[in-house]
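Work through the exercises below with the structure open. Each task is followed by a stepwise solution.

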Amino acid sequence: MDKIHTLAAHYSKKSQWEKAIEELKELLVELEAAANPFGYEDLVYLPENTWSEEADVMIMCLQTAIQHGKLDTLIEQIKYKLDRQLKRIREEEAE
């Protein structure tokens, strides 16, 4: 996390906001290039560069949260959304 804090402190909020948008667009291109030739639920082939683009997006999200003093809020939201989805799965399984 020290490296991400260093980057967040070095660049302006505007710069990182624009960079985050750019990285999100690049990830979207990779995801849209994924192949699902037979339409099966577990048969999706992601391009190899997807992992690099995902890393870029994660780094940018962390930087913008740090720059805006919202890292704790981001972490809280991640926990909340994970818990909410797990609850939904448990409810589906109980039906």
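**Exercise 1. Identify the residues of the largest nonpolar core and the elements that supply them.**

Step 1. The largest nonpolar core has 5 residues: Ile4, Ala8, Ala65, Ile66 and Leu71. A nonpolar core is a set of buried Ala, Val, Leu, Ile, Met, Phe, Trp, Tyr and Cys residues joined through side-chain atoms within 4.5 Å. Buried means under 20% relative accessible area, exposed over 50%, and partly exposed in between (1.4 Å probe, protein chains only).

Step 2. Two or more residues of this core come from each of α1 (2-10) and α3. Helices are DSSP runs of H or I with at least four residues, numbered from the N terminus.

Step 3. In soluble globular proteins, nonpolar side chains tend to be buried together.

Before going on, note that the model is predicted: local features need pLDDT of at least 70, side-chain atom pairs count only at pLDDT 80 or more, and totals for chains, interfaces and linings use all residues. Residues are numbered from 1 along each chain as its sequence is written, and side-chain values use heavy atoms, with hydrogens and water left out.

**Exercise 2. Describe how α1 meets α3.**

Step 1. The two axes come within 9 Å and cross at roughly 65 degrees. Axes are lines fitted to C-alpha atoms, for helices over the stretch in contact, and angles run from 0 to 180 degrees between N-to-C directions.

Step 2. From α1, Ile4, His5, Leu7 and Ala8 meet Ile59, Leu62, Gln63, Ile66 and Gln67 of α3. Contact means heavy atoms within 4.5 Å.

Step 3. Sorted by type, the residues of this contact are 6 nonpolar, 3 polar and no charged. Ala, Val, Leu, Ile, Met, Phe, Trp, Tyr, Cys and Pro count as nonpolar, Asp, Glu, Lys and Arg as charged, and the others, Gly among them, as polar.

**Exercise 3. Is Gln63 buried or exposed, and which residues does Gln63 contact?**

Step 1. Gln63 lies in helix α3.

Step 2. Its relative accessible area is 2%, so Gln63 is buried.

Step 3. Neighbours within four places in sequence aside, Gln63 contacts Ile4, Leu7, Ala8, Tyr11 and Gln16.

**Exercise 4. Work out the relative direction of α2 and α3.**

Step 1. Helix α2 (residues 13-32) packs with helix α3 (residues 50-67) at an angle of about 155 degrees, their axes 9 Å apart.

Step 2. α2 is therefore roughly antiparallel to α3, a term for angles over 145 degrees.

Step 3. The residues of their contact comprise 6 nonpolar, 5 polar and 8 charged.

Note on methods:
Parallel < 35°, antiparallel > 145°, perpendicular 65-115°, else oblique.
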